[in-house]
Amino acid sequence: MSFINKPKVRHPDLPTNELGLTRRDYEGAMSTLCAGCGHDSITASITEALWGLSLRPEQLVKLSGIGCSSKTTAYFASGSHGFNGVHGRMPSVATGANAANKELYYIGVSGDGDSLSIGFGQFAHAIRRNVNMLYVCENNGVYGLTKGQFSASADIGTKSKKGEENLQAPVDPCLAALSLGGTFIARSFSGDREQLVPLIQAGLKHKGFAMIDIISPCVTFNDHVGSTKSYAFTREHYHEAVHADYIPPQREINVSYGEGEVLPVQMHDGSQIVLRKLDKDYDPTHRGKAFEYLRTRLREGEHVTGLIFVSSSGPDMHDMANTTEMPLNKVPYEKLHPGAEGLAKILKRYA
Amino acid sequence: MAQPAKAQERVNDFVIKLANVNGTGSASANTLLMKSIFRMGIPVMGKNYFPSNIQGLPTWYEIRVTKDGYVARSGRVDLMVAMNAETYAKDVREVSAGGYLIYDSTWPRSTVLSREDITILGVPLARICNENFVGVRNRILMKNIMYAGVLAALLEIDLDVIRQLLGESFGKKQALVDANMKAVQLGYDHAKEHLPCPLPLRVERMDKTRGHIMIDGNTAAALGCVYAGATVGPWYPITPSTSLMDAFKSFCQKLRVDPETGRNNFAVIQAEDELSAIGMVLGANWNGARAFTATSGPGISLMNEFIGLAYYAEVPAVLFDVQRVGPSTGMPTRTQQCDLLTCAYASHGDTKHVMLFPSNPEECFYMAVQAFDLAERLQTPVFVLSDLDIGMNDWMCPELKWDDGYRPDRGKVLSKEEIEALPKFHRYLDKDDDAIPYRTLPGVSAKGAYFTRGSGHNQYGGYTEDAKEYQVVLDRLARKFRRARTLVPAPVIEATGTSDIGLVAIGSSRGAVNEARDILAKRGISIDYMRIKAFPFTKEVEGFLASHDKIFVIEQNRDAQLRSLLTLETDVPKSKLYSILHYNGLPMTSEGIVAAVLAELGDAARKAALA
């Protein structure tokens, strides 16, 4: 942690996005996490992604639970409203907020403890409801703020800093999301900004619940030899299966891809995700195959990364609830009740 | 068959109890009976005592015909309809001396169960049904409707009224109307021919229900939420609150579907549990919608953590707690007022919450609207503490009225222009010196953005672990709660100005207390009365407590929670407060209150009062 405040000076030549905003406009408060924390790299990628999307900061809502990861929503987009709720319950707050106003972009930042232990129920049900939000799980396999206990994502055989071995089976958020009907499921690594930024952009634009599980090493409690979530181990066992590029609406695809390896996925707002299959036999639009592939690679000790599964056609929570186009918090009061005359009619059956 | 004594004549003033098996359609028959009497202009009370079960267990329905309009249980049973063989022995015992019991005489009953001091009338209901209807299910249903016909003959209930009600409930399904009416007529004709009609217990048309409706509190509360402009209803099913959200959804499906697009101006979300339901309520309110949840005691227990967050981060929320019998799972289909303390101080740390105490469905409607206004004005959770008796029973109450001039009080929410005009926005600053800060909504202006958190924060909205900064906010929250005293509804006080004895009650005890006061007054004992409508307690509550020497506190829980709250939150000396407690799960009776007051006042006081 650093105790200095961020200088407010702005370099005149900082590049601007379509709104004329610089990257600085998407930054937040100074991080109080440990120096070298994977979470800070993710924060930087989120900042970059938001700037790149030219989102007006007030269009974004940031939500989180409790834990190191959940602190990070304060470290980006200071022009966006933030809600730091209670441990493991961010999805419900996001669901309610989204129910009230479907027009905004919602980003929830959580961790493996917050999502897979105390909040596993809410995580699962937000996926089932297909709440239109980006859900980032900053996954380091340990509880940091309480000094290094194993989390539910700790792999069998991984060792804690004190040498204790984990014997319980891990919860894999990607496998869980696949089995729960998740419509956008990705895995990445905090250190891979090139992969992460377009994934975040695509996730924000995806209509429905977009989950990115990001392996984000804890430098203080889980970066030692024997840990399967250390920087060294992750880099070594990293397998990118599908690379996703985010292409905004009205922008042509100008990256050159190899024949037969490209799969463009149309998003509801006209943008596209172009999936570059690094593994030729992989099909990221087939849930069953994605599941099988992930399982097989996991058995071989590999973290499959990239956009593992995507389906852009399913109904989100609002479609299922058949809510009006206008956000519910903007429907005029007059439209919400039939007045004194209407009440008299309603009461007839009770007379 | 013994002829009942004419001396026992009770016109428009008696109690019918119907003992049934649940899941047999008896509820429709019983409601039909009650509503018919209501339609004849006679005040009536109906209470349903049902098991936490879907089919096959005993269930009772109590109808009090009450010309004086006492909508509480009296403690008597003048006419028992014993349709459940399993509870027959108990039901026979419960009939008041001189009363009547009707049973299905298709099968002989053991003479051991008979009583000399009541009249027992047999009707071969099952046999008549089997002779006239086809199909097992149909016969069971029709058997119940048939006793309604028997009672119509015995009590002189107007058959035309019954016919009209059947028409209203079945609408265009004429075959159903006909079948039900046939059953009613069969029962009616049999009774006319074989039974001593009419009984000395009977009804006579009055004109005392005009301008009134019969409605349950959950339906009325749901209607209140519609009129308050609530759009988001996250919830988790739990007896006895379920019918509140069901009613809200059903009203919305009729009133809130956009005629042009066919799309909904509401979202009812069935959550995975109560923790999630309240989280969604907070998210939606924080984001500018009016959102509420309906639950009961166990749900409140689960919601505690979020309730504390809402208090500290100042997020509006409305919670209906339709109280049921605790502790733990308790008796889910029985009534109590047992969540007062758990709601008043819900969540860890220093928290206090606004509570409203509706006494009947009418107040459920108005208080639902008030709850949203208070929640947004004060930026805090507001609890509406109803109970199973109010929530799930049909109560006679004045027709609900609506003022078209009403506009929701959205509280201190800054518009885009107001935000832009500020040098800087500070979320928790007491700018107006009224302990209520300004808030902004997401999506409006980047300049109004702030970080909502349950962790320590200063008045500017920033994170803090600074002792002084923390305390500034916490002390303002205390001031805000004191300010709530001036915004919540004042108690209803009925005082002569001469009595130094007072009686305090809340919620559904109202009916029993009203009747008890009348009974005591007839005996020369006049007692002043205060019905508290809200927490925090207003200055009127303090005034009443200060101006009476002996105060009975009537409530429906074992531990005298209201009395505790009064001693904790007012200056009243504990020694002035005498508890009258009722907590067996059944709605209160006036009898119990009268007996407790008389016992406490003692013979001397009684004689003095009578002198």
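Colleague: Hi! Which residue in S17(B) is the bridge partner of Gly82(A)?

Modeller: Hello! In this predicted model, Gly82(A) has Phe451(B) of S17(B) as its bridge partner.

Colleague: And how many bridges join S2(A) to S17(B), and do the strands run parallel or antiparallel?

Modeller: Three bridges join them, and the two strands run parallel. On the chain B side, strand S17 covers residues 451–453.

Colleague: What holds paired strands together in general?

Modeller: Strands of a sheet pair through backbone hydrogen bonds, and the pairing can be parallel or antiparallel.

Colleague: Nice. Which strands make up the sheet that contains S17(B)?

Modeller: It is an open sheet of eleven strands, in the order S10(A)-S11(A)-S9(A)-S12(A)-S7(A)-S8(A)-S4(A)-S3(A)-S1(A)-S2(A)-S17(B), with mixed pairing.

Colleague: Can we zoom in on one pair? How do S9(A) and S11(A) run, parallel or antiparallel?

Modeller: Those two are antiparallel, joined by six bridges. Strand S9 of chain A spans residues 238–247 and strand S11 of chain A spans 272–277.

Colleague: Which strands does helix H7 of chain A lie across?

Modeller: Helix H7 of chain A, residues 193–205, lies across S3, S4, S7, S8, S9, S11 and S12 of chain A. The helix runs at about 55° to S9(A).

Colleague: Let's go back to where the chains meet. How many residues are in contact?

Modeller: On chain A there are 49 residues in contact with 57 residues of chain B. The elements giving two or more residues to the chain A side are strand S2 (81–84), helix H3 (90–100), helix H5 (120–129) and helix H11 (339–347). H3(A) gives the largest share, eight residues.

Colleague: What kinds of residues are on that side of chain A?

Modeller: The residues on the chain A side divide into 23 nonpolar, 21 polar and five charged.

Colleague: New topic: chain A as a whole. How many helices and strands does chain A have?

Modeller: Chain A has eleven helices and twelve strands. Its radius of gyration is 21 Å, close to the 20 Å from the globule rule for 351 residues, so chain A is as compact as a globular protein of that length. Along the principal axes, its C-alpha atoms fill a box of roughly 75 × 50 × 50 Å. Buried residues make up 52% of the chain's 351 residues.

Colleague: What about chain B, how many helices and strands there?

Modeller: Chain B has 19 helices and 23 strands. Its radius of gyration is 27 Å, close to the 25 Å that the globule rule gives for 611 residues, so chain B too is as compact as a globular protein of its length. The C-alpha trace of chain B spans about 90 × 70 × 40 Å along its principal axes, and 54% of the 611 residues count as buried. Among contacts in chain B with a separation of 6 or more, 74% are between residues 24 or more positions apart.

Colleague: Chain B has a five-strand sheet. What is the strand order there?

Modeller: The order is S12-S13-S15-S14-S21 in chain B; this sheet is open and its pairing is mixed. The edge strands are S12 (292–295) and S21 (534–535) of chain B. S14(B), residues 354–356, pairs with S21(B) in the antiparallel sense over two bridges, and Leu356(B) stands opposite Ala534(B).

Colleague: Which strands does helix H7 of chain B touch on that sheet?

Modeller: Helix H7 of chain B, residues 217–228, touches S12, S13 and S15 of chain B, and its direction makes about 155° with that of S15(B). Helix H12 of chain B, residues 361–378, also packs on the sheet, touching S13, S14 and S15 of chain B.

Colleague: Last one: which residues touch the most other members of the largest nonpolar core?

Modeller: Met146(B) and Ala148(B) do, in a core of 268 residues. Helix H4 of chain B, residues 136–155, gives the most to this core, with twelve residues. Leaving aside residues up to four places away in sequence, Ala148(B) touches several residues, including Ala29(B), Leu32(B) and Ile162(B).

Terms used: Residues are numbered from 1 along each chain as its sequence is written. Chains are lettered from A and ligands numbered from 1 in the order in which they are written. This is a predicted model: local features need pLDDT of at least 70, side-chain atom pairs count only at pLDDT 80 or more; totals for chains, interfaces and linings use all residues. Two residues are in contact if their C-beta atoms, placed from the backbone, lie within 7 Å. Helices (H or I, at least four residues) and strands (E, at least two) are DSSP runs, numbered from the N terminus. Ala, Val, Leu, Ile, Met, Phe, Trp, Tyr, Cys and Pro count as nonpolar, Asp, Glu, Lys and Arg as charged, and the others, Gly among them, as polar. Two strands pair if DSSP finds at least two bridges between them. The radius of gyration is taken over C-alpha atoms; the globule rule is 2.2 Å times the number of residues to the power 0.38. A residue is buried if 20 or more other C-beta atoms lie within 10 Å of its own, exposed if 12 or fewer, and partly exposed in between; C-beta atoms are placed from the backbone. Axes are lines fitted to C-alpha atoms, for helices over the stretch in contact, and angles run from 0 to 180 degrees between N-to-C directions. A nonpolar core is a set of buried Ala, Val, Leu, Ile, Met, Phe, Trp, Tyr and Cys residues joined through C-beta atoms within 7 Å.
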